Amino acid sequence: INVNPCHGIMLSALLGERPPKRQRLMLTRDEIQLLLGAELRRRNALAIRVLLATAVRSAEIYQAKWADVDVDGAQWHIPKSKTGAAMDIPLAPVVVEWFKELRTLAGDSAYVLPAHSRSRAARHGGDTHLNKDTLREAIDHWLRTEEPAVRRFTPHDLRSTTKSHMRALGVPRDISEMCLNHKLSGVEGIYDRHTYFEERREALEKWAEFLERCNAKQQLM
């Protein structure tokens with residue numbers, strides 16, 4: 001025959017209906033406070049804090065190299081990838097301090113988050129980045145063993161958490177979208193090539209100050 005014999009067959013007839021798309025979670029202020037006080041391996045805790053404070057994608061932190069982090073200039077360059085364009089992330093003062101601590105923990109590795117396992121590093125020429133599942137597994141372990149009053153979340157949910165709280169702090173929508181490295185929609189996205197670096201710096205510093213207040217309150221509890 002000259003036609004595809006599967007033409008007209010709906011995939012759902014074979015596999016069933018597609019499950020509903022998971023809604024992104026926004027952690028509440030109380031949940032953020034508990035997360036900042038979580039007893040995690042220090043490197044994992046710092047990585048999660050950086051994720052929360054900068055709104056980068058999890059792959060962008062676990063693949064990050066020190067060559068792209070300018071601690072003195074308070075700036076982090078994110079190379080172009082299949083999930084986003086290249087971008088320079090302004091770092092709030094407290095985030096700079098977290099990076100400095102990570103630098104000490106990283107030793108002579110070229111990666112911000114080097115592999116925990118020596119065997120994993122050996123398989124990649126002696127130095128490689130953290131496994132892509134490590135931070136998610138660390139979060140899951142904390143939720144499972146400590147049973148804090150925190151809903152189950154993934155590293156990617158920290159991006160929606162940042163965006164939502166930024167809006168509540170008065171950050172304009174377009175600036176919060178650019179902090180997440182989202183493209184502006186419509187005609188504005190086509191013609192507006194400004195990076196809004198200083199506006200993003202102001203927004204991320206305001207967000208980092210909010211996180212510091214959350215952390216300070218957690219330490220008093």
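Residues are called buried under 20% relative accessible area, exposed over 50%, and partly exposed in between (1.4 Å probe, protein chains only). The model is predicted: local features need pLDDT of at least 70, side-chain atom pairs count only at pLDDT 80 or more, and totals for chains, interfaces and linings use all residues. Numbering starts from 1 along each chain as its sequence is written, and side-chain values use heavy atoms, with hydrogens and water left out.

Salt bridges were assigned where a side-chain nitrogen of Lys or Arg lies within 4 Å of a carboxyl oxygen of Asp or Glu. The count comes to 12 salt bridges. One joins Arg 57 to Glu 60 at 3.5 Å, N to O. Arg 57 and Glu 60 are both buried.

In helix H9 (residues 173-179), Glu 177 and Arg 173 lie 4 residues apart, about one turn of the helix. Their side chains meet at 3.9 Å, N to O. Glu 177 is buried, at 8% relative accessibility. Arg 173 is exposed, at 53%. In helix H11 (residues 197-220), Arg 201 and Glu 198 are 3 residues apart, again about one helical turn. The closest N and O atoms of this salt bridge are 4.0 Å apart. Arg 201 is buried at 16%, whereas Glu 198 is exposed at 51%. A network of salt bridges links Lys 132, Asp 133, Arg 136, Glu 137, Asp 140 and Arg 152.

Asp 140 also belongs to the buried residues of helix H7, among them Ala 138, Ile 139 and Trp 142. H7 (residues 134-146) has 13 residues and reaches 18 Å from its first C-alpha to its last. This is close to the 18 Å expected, taken as 1.5 Å times one less than the number of residues. Cover for its buried residues includes helices H2 (29-36), H3 (42-54) and H4 (58-62). Glu 147 follows H7 with a positive phi, near 50 degrees.

Trp 142 is buried at 5% relative accessibility. Its contacts (heavy atoms within 4.5 Å), not counting residues up to four places away in sequence, include Leu 34, Leu 35, Glu 39 and Phe 153. Trp 142 and Glu 39 are 103 residues apart in sequence, yet 7.7 Å apart in space, C-alpha to C-alpha.

Conventions: Helix = DSSP H or I, 4+ residues; strand = E, 2+ residues; numbered from the N terminus.
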